[in-house]
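I opened this notebook to record what I looked up in the model. The entries follow the order in which I consulted it.

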Amino acid sequence: MVPIAWYLVLAAILFSTGIAAFLIRRNVITIFMSIELMLNAVNLTFVAFAHMWHQVSGQIFVFFVMVVAAAEAAVGLAIIIALFRVRQTLNIDQVNLLKD
Amino acid sequence: MQIALFIIFGLLAVAGALNLLFQRHPINSALSLIVVMMSLAVLYFSLGAEFLAAAQVIVYSGAVMVLFVFVIMLLNAGEEEETRGSRMAYIAGIPGAAAVFCLLTFLFLKEREALGTTHLRDALSGTVSNITEVSHQLFTSFLLPFEVTSVLILVAILGAVVLARKES
């Protein structure tokens, strides 16, 4: 008998940790991983609400989020590899061609 | 039993997330993210979503994180160094994340009564198993999105190959 609110608060903790990691970290790969962490936090709220309403539609939405996250990871990591070939760095501060 | 599962694996997930935040080396962040994903799989199981628990372990911890670890090792990513931008990010990032956390937690705890509690016994004693119900919905009501997803995966594969290919 766990309150649903606890699951949601746990998801909020994970989501805001993901936001903090996204803003603080300077490594492209770590930033990308914090996006995955935020997606996982949102998935947890979906599952908690699906449990609350006795419906599986929320779980199916989580399934689609997982598929999109997998596709996004493949394309994003390919972009990171292409970026590393061009700039020889993973630091986000040194990728500033558009800014200069 | 369920409350013990929630506390143990919830704390494990929070510890993993904080470790991801404070580690300087990307491989340590990747390994702690795997801890978060495995404990989230247990929490899905405790919410009666067995199919998603299995998919979480196979797709996220199994496929996506292996891809991340491969890329970290392929690019030989080292520790990140302190720059002027990172100090500014600390000033802006911590309060921003804390504000989002406070807003969400306030909202959830205010609506605590309306949200209710979990009831695993109902979820497990049903005549239809979770995976039967999910697949029935997936192949009747959500058939078109499911098929469109396969096209999305195909495009993602092609895009990854094109982007990662060496230019000759």
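**Entry 1: the interface seen from chain B**

I began with the interface, where 72 residues of chain B are in contact with 58 residues of chain A; two residues are in contact if their C-beta atoms, placed from the backbone, lie within 7 Å. I then listed the elements giving two or more residues to the side of chain B that touches chain A: α1 (2-22), α2 (26-46), α3 (50-74), α4 (84-110), α5, α7 (130-140) and α8 (143-164) of chain B. Helices (H or I, at least four residues) and strands (E, at least two) are DSSP runs, numbered from the N terminus. On this side of chain B, α4(B) supplies the largest share, 15 residues. By class, I noted 53 nonpolar, 16 polar and 3 charged residues there. Ala, Val, Leu, Ile, Met, Phe, Trp, Tyr, Cys and Pro count as nonpolar, Asp, Glu, Lys and Arg as charged, and the others, Gly among them, as polar.

I note the provenance: this is a predicted model, in which local features need pLDDT of at least 70 and side-chain atom pairs count only at pLDDT 80 or more, while totals for chains, interfaces and linings use all residues. Residues are numbered from 1 along each chain as its sequence is written, and chains are lettered from A and ligands numbered from 1 in the order in which they are written.

I looked up α2(A) against α2(B): they pack at an angle of about 10 degrees, with their axes 10 Å apart. Axes are lines fitted to C-alpha atoms, for helices over the stretch in contact, and angles run from 0 to 180 degrees between N-to-C directions. The two helices, α2(A) and α2(B), are therefore roughly parallel to each other (angles under 35 degrees count as such). Among the residues making the contact are Met33(A), Leu37(A) and Leu44(A) of α2(A), and Leu33(B), Met37(B) and Leu40(B) of α2(B). The class count for this contact is 13 nonpolar, 3 polar and 1 charged residues.

**Entry 2: chain B as a whole**

I recorded 8 helices and 0 strands in chain B. Its radius of gyration is 20 Å, well over the 15 Å that the globule rule gives for 168 residues, so chain B is more spread out than a compact globule. The radius is taken over C-alpha atoms, and the rule is 2.2 Å times the number of residues to the power 0.38. The C-alpha trace of chain B spans about 55 × 45 × 25 Å along its principal axes.

Chain B is divided into domain 1 (1-80), domain 2 (82-117) and domain 3 (127-168), with bounds from an automatic or database domain assignment. I found the C-alpha centres of domains 1 and 2 of chain B to lie 20 Å apart.

Buried residues make up 28% of the 168 in chain B. A residue is buried if 20 or more other C-beta atoms lie within 10 Å of its own, exposed if 12 or fewer, and partly exposed in between, with C-beta atoms placed from the backbone.

**Entry 3: individual residues**

I located Gly116(B) in the loop between α5 (112-115) and α6 (120-125) of chain B. Gly116(B) counts as partly exposed because it has 13 C-beta neighbours inside 10 Å. Leaving aside its neighbours within four places in sequence, Gly116(B) is in contact with Ile4(A) and Met52(A).

His54(A) is found in the loop between α2 (28-53) and α3 (57-87) of chain A.

Notes: Angles under 35 degrees count as roughly parallel, over 145 as roughly antiparallel, 65 to 115 as roughly perpendicular and the rest as oblique.
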